[in-house]
Amino acid sequence: MKPYFYLIIFVIFTSCSKNSVDNKNCKFLLDVSVNVSINLNLPQYNQLNSIGNSVYVGNVGNGGVIVTNAGSGFFAWDAADPNHTPSACSIVTGSGLEGTCGCADENKYSFVTGQPLENTSLQCGLKNYRVEENGNTLLVFN
């Protein structure tokens, strides 16, 4: 009976290994608190009433927040490019369902999945925030 016990313990410890890849590129963004209320009746957020549109909300998160109406729901992403150190060019801007950072490499991201679009060797996708719909108001938070 004792050998089976040790075998079970061995299997448990060897099957629960941690991912040993330490990707330093994904550590550029700070873990900041985000709590934003977006009233869809206001003119600056009116675009979100149509599927396929995005709106930038400044002074939130690391580089602002991009909120997208993807048709299947709303998504919110930190506008700071996670593959760059924070700088003037590392903010992702765009309209519709994709955006590009302003740095020389012009990293392009999907505002639906948060993943890189053209340069698939990028290690990090956009930082996601939760979105809750409450009538004509969106609550964006983490």
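This tour moves from the sheet to the cores and then to the salt bridges.

The model is predicted, so local features are given only where pLDDT is at least 70 and side-chain atom pairs count only at pLDDT 80 or more, whereas totals for chains, interfaces and linings use all residues. Residues are numbered from 1 along each chain as its sequence is written, and side-chain values use heavy atoms, with hydrogens and water left out.

**The sheet**

Begin with the strands (DSSP runs of E, at least two residues, numbered from the N terminus, as are helices, which are runs of H or I of at least four residues). Six of them form an open sheet in the order 1-9-8-4-3-2, with antiparallel pairing, where two strands pair if DSSP finds at least two bridges between them. Select 35-39 and 54-57 next: these are strand 1 and strand 2, the edge strands, each of which pairs on one side only. From strand 2, step to residues 65-69, which make up strand 3 and run antiparallel to strand 2, joined to it by four bridges; Ser54 has Thr68 as its bridge partner there.

**The cores**

Now show the largest nonpolar core, a set of 16 residues in which Ile38, Leu48, Val65, Val67 and Val140 touch the most other members. Such a core consists of buried Ala, Val, Leu, Ile, Met, Phe, Trp, Tyr and Cys residues joined through side-chain atoms within 4.5 Å, buried meaning under 20% relative accessible area, exposed over 50% and partly exposed in between (1.4 Å probe, protein chains only). Strands 1, 2, 3, 4 (74-78) and 9 (137-141) each supply at least two residues of this core. Centre on Val67, whose contacts (heavy atoms within 4.5 Å) beyond its neighbours within four places in sequence include Ile38, Leu48, Phe75, Leu138 and Val140. A second, separate core of 10 residues includes Ile66, Trp77, Tyr109 and Leu126.

**The salt bridges**

There are three salt bridges to inspect, each a side-chain nitrogen of Lys or Arg within 4 Å of a carboxyl oxygen of Asp or Glu. Select Asp31 and Lys127, whose side chains meet at 3.7 Å, N to O; Asp31 lies in the loop between helix 1 (2-15) and strand 1, and Lys127 in the loop between strand 7 (108-110) and strand 8 (128-134), 96 residues apart. Asp31 is exposed at 69% relative accessible area, while Lys127 is partly exposed at 24%.

Finish at Lys108, which meets Glu98 at 3.7 Å, N to O, and Glu118 at 3.4 Å, N to O. These shared partners join Glu98, Lys108 and Glu118 into one network.
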